[in-house]
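Trainee: I would like to go through this model by question and answer. Please give the cut-offs as the terms come up.

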Amino acid sequence: MKIKLQQVIDAVEQADDNWTAFHDTQTGETVWLGDREFDEDHDEKVNLINSSTDRFYRFPTKFDIHEYSIMADFVGDLPVGTIQNELAHAI
């Protein structure tokens with residue numbers, strides 16, 4: 001499956017407490033699911049997403065991305081040595 005990077009960036013940046021973005025693998029579009037009070041098609045979208053589990057993938061939200069963990073994983077994957085030690089100390 002290919003997704004444009006800009007589509008992922010937009011979904012992560014625009015997601016908030018009231019809206020969640022899903023990638024529709026059939027159309028390639030981003031589907032926005034909002035809380036009932038904000039999204040008039042909420043129930044219809046929930047039914048579609050729940051009935052088509054292989055079709056929709058939830059984009060991460062800003063709350064799913066932990067910058068420190070990403071950096072720590074990167075440092076841990078480096079070859080053991082001076083660079084790894086310096087970066088581990090820096091973070």
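Trainee: Which residues make the nonpolar surface patch of about 320 Å²?

Mentor: This is a predicted model, in which local features need pLDDT of at least 70 and side-chain atom pairs count only at pLDDT 80 or more, while totals for chains, interfaces and linings use all residues. Residues are numbered from 1 along each chain as its sequence is written, and side-chain values use heavy atoms, with hydrogens and water left out. A patch takes residues with over 30% relative accessible area and no salt bridge, joining like charges within 9 Å and nonpolar side chains (Val, Leu, Ile, Met, Phe, Trp, Tyr) within 5 Å; areas come from the Shrake-Rupley method with a 1.4 Å probe, and for residues only the protein chains shown count as cover. The nonpolar patch here is made by Met1, Ile3 and Tyr57.

Trainee: Is Ile3 buried, partly exposed or exposed?

Mentor: Ile3 sits in the segment before helix H1 (5-14); helices (H or I, at least four residues) and strands (E, at least two) are DSSP runs, numbered from the N terminus. Buried means under 20% relative accessible area, exposed over 50%, and partly exposed in between (1.4 Å probe, protein chains only). Ile3 has a relative accessible area of 32%, so Ile3 is partly exposed.

Trainee: Which residues make up the largest nonpolar core?

Mentor: A nonpolar core is a set of buried Ala, Val, Leu, Ile, Met, Phe, Trp, Tyr and Cys residues joined through side-chain atoms within 4.5 Å. The largest core has five residues: Phe22, Val31, Leu33, Ile49 and Phe56.

Trainee: Are Asp24 and Arg55 buried or exposed?

Mentor: Asp24 has a relative accessibility of 4%. The value for Arg55 is 18%. Asp24 therefore counts as buried, and Arg55 is likewise buried.

Trainee: Which side chain makes a polar contact of 3.3 Å with that of Arg55?

Mentor: Leaving aside neighbours within four places in sequence, Arg55 is in contact with His23, Asp24, Thr25, Gln26, Thr27 and Leu48. A polar contact is a pair of N or O atoms within 3.5 Å; within protein, one must be able to donate a hydrogen and the other to accept it, and residues adjacent in sequence count only if both atoms are side-chain atoms. The partner at 3.3 Å is the side chain of Gln26.

Trainee: Which residue forms a salt bridge with Arg36?

Mentor: Arg36 counts as exposed, at 61% relative accessibility. The closest N and O atoms are 3.1 Å apart, and the partner is Asp43.

Technical notes. Salt bridge = Lys/Arg side-chain N within 4 Å of Asp/Glu carboxyl O. Contact = heavy atoms within 4.5 Å.
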